[in-house]
Amino acid sequence: MTTVQAVHYTQYGDLGEVRIGSLPAPSASPGRVLVDVRAVSVNPVDLKTVAGELAPYGESEFPALVGADFAGVVKQADPGASFSVGDEVFGSLPPFVGSFAETISADPATLAAKPTVLSWAEAASIPTAGVTALTALATIDVKAGDVVIVNGVSGGVGAFAAALLIQRGAVVIGTLSPSKITGAAGFTEVGHGPGVSDRVREALQGLPAAALVDTHGGTEVGGLVTLLADRTNAVSVAHGLVGDAAGGTNHTTAPSSAALAELAALAAAGAIRVPLSETRPIREVKAAYEDLLAGRVRGKLVLDARAW
């Protein structure tokens, strides 16, 4: 039996359930492609899946693979499929399927061609965070020159949201951990914590903000909503607080080929910067998630899926 190295878990639990080992290699099936994985990126939702928090939406079949986002090379495809052997692609698998393995089986509808100018790590950074940001922005009204608050701008979704907003001509005020403030982000950075609404109000210089993109949640969200000219022009991908408290939108999404292709084109043209933090060997997967949980990552953390 052919096997592949994979990051997987055999029961729901915490990070201690995650392990690296051999599993049966996926087999080709009609309508799907086999992809040799080159890079994967970590997302907070990965560990929610491991913990069983998403079980009401779909059960994992054990042993289950960790992760979702990936970039790699098509190894096998049906004749006439939208991708051919040798094509470089990137995309995302459902959290109950997982992508952290040497070879995976993927639905072409959740893949896009990887531009040659993007690295494997850059492409693997895009799917979950980039598509979530792109589709979240479609739910609010933002015009060139508008000031938009991005709550949690140092995370993957927040970083992509800020990049897309700036590309569209908006002015961004981003909240983040004070330890991550660099002063060189291309937008106004405001530290999280008690009084953040007052600090954002000061940055607004007495004017209301046009919109709010919440990727962080927290008790201060309600105060940030009060800084908007229209309190319903807000979207949250965090804890639903914006929609519950202000009549804004609580947002979820799933990657699609069209959204992935749009983001890839913007990144390839230099219109947005992929917020890649660093790349580590996939054998360091547990340490990567520990750093993610501890808030030590700014942007996207990627794992080299060839370094087992």
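**Exercise 1. The β9, α4 and β10 unit**

Task: Find the handedness of the β-α-β unit made by β9, helix α4 and β10.

Solution. Helices (H or I, at least four residues) and strands (E, at least two) are DSSP runs, numbered from the N terminus. Strand β9 covers residues 147-151, helix α4 covers residues 156-167, and strand β10 covers residues 171-176.

Step 1: apply the test. A crossover is right-handed if, with the strands pointing away from the viewer, the path from the first strand over the helix to the second runs clockwise. The unit of β9, α4 and β10 is right-handed.

Step 2: note the source. This is a predicted model: local features need pLDDT of at least 70, side-chain atom pairs count only at pLDDT 80 or more, and totals for chains, interfaces and linings use all residues. Residues are numbered from 1 along each chain as its sequence is written, and side-chain values use heavy atoms, with hydrogens and water left out.

**Exercise 2. The partners of β9**

Task: State how β9 pairs with β10 and with β12.

Solution. Step 1: set the rule. Two strands pair if DSSP finds at least two bridges between them. Strands of a sheet pair through backbone hydrogen bonds, either parallel or antiparallel.

Step 1: take β10. Five bridges join β9 to β10, and the two run parallel. Asn151 stands opposite Thr175 in β10.

Step 2: take β12. Four bridges link β9 and β12, again in the parallel sense. Here Ile149 stands opposite Leu212 in β12.

Step 3: check burial. Buried means under 20% relative accessible area, exposed over 50%, partly exposed in between (1.4 Å probe, protein chains only). Four of the five residues of β9 are buried.

**Exercise 3. Two backbone features**

Task: Describe the peptide bond from Phe62 to Pro63 and the phi of Gln205.

Solution. Step 1: recall the background. Most residues other than glycine have a negative phi, and most peptide bonds are trans.

Step 1: take the bond. From Phe62 to Pro63 it is cis, with omega near -5°. Pro63 sits in the loop between α1 (44-50) and β4.

Step 2: take Gln205. Its phi is positive, about 55°, although Gln205 is not a glycine. Gln205 lies in the loop between α5 (196-204) and β12 (211-214). It is exposed, at 70% relative accessibility.

**Exercise 4. The second largest pocket**

Task: Give the volume of the second largest pocket and describe its lining.

Solution. On a 1 Å grid over the protein atoms alone, a pocket is an open set of points where a 1.4 Å probe fits, with protein on both sides within 12 Å along at least five of seven lines; lining residues have an atom within 4 Å of a point. Grid points are joined across faces, edges and corners, and a volume is the space filled by probe spheres set on the points.

Step 1: read the volume. It is about 430 Å³.

Step 2: list the lining. There are 20 lining residues, and Glu61, Pro63, Ala64, Leu65 and Val97 lie nearest the centre. β1, β2, β4 and β7 (103-106) each supply at least two residues. β7 gives the most, with three.

Step 3: sort by type. Ala, Val, Leu, Ile, Met, Phe, Trp, Tyr, Cys and Pro count as nonpolar, Asp, Glu, Lys and Arg as charged, and the others, Gly among them, as polar. The lining holds 14 nonpolar, five polar and one charged.

**Exercise 5. Salt bridges**

Task: How many salt bridges does the structure hold?

Solution. Step 1: count. A salt bridge is a side-chain nitrogen of Lys or Arg within 4 Å of a carboxyl oxygen of Asp or Glu. The structure holds nine.

Step 1: take Glu189 and Arg298. Their closest N and O atoms are 3.1 Å apart. Glu189 lies in strand β11 (residues 188-191) and Arg298 in the loop between α9 (285-293) and β16 (300-304), so the pair ties together parts 109 residues apart in sequence. Glu189 is buried at 15% relative accessibility, while Arg298 is partly exposed at 26%.

Step 2: take Arg201 and Asp198. Their N to O distance is 2.8 Å. The two are three residues apart in helix α5, so about one helical turn separates them.
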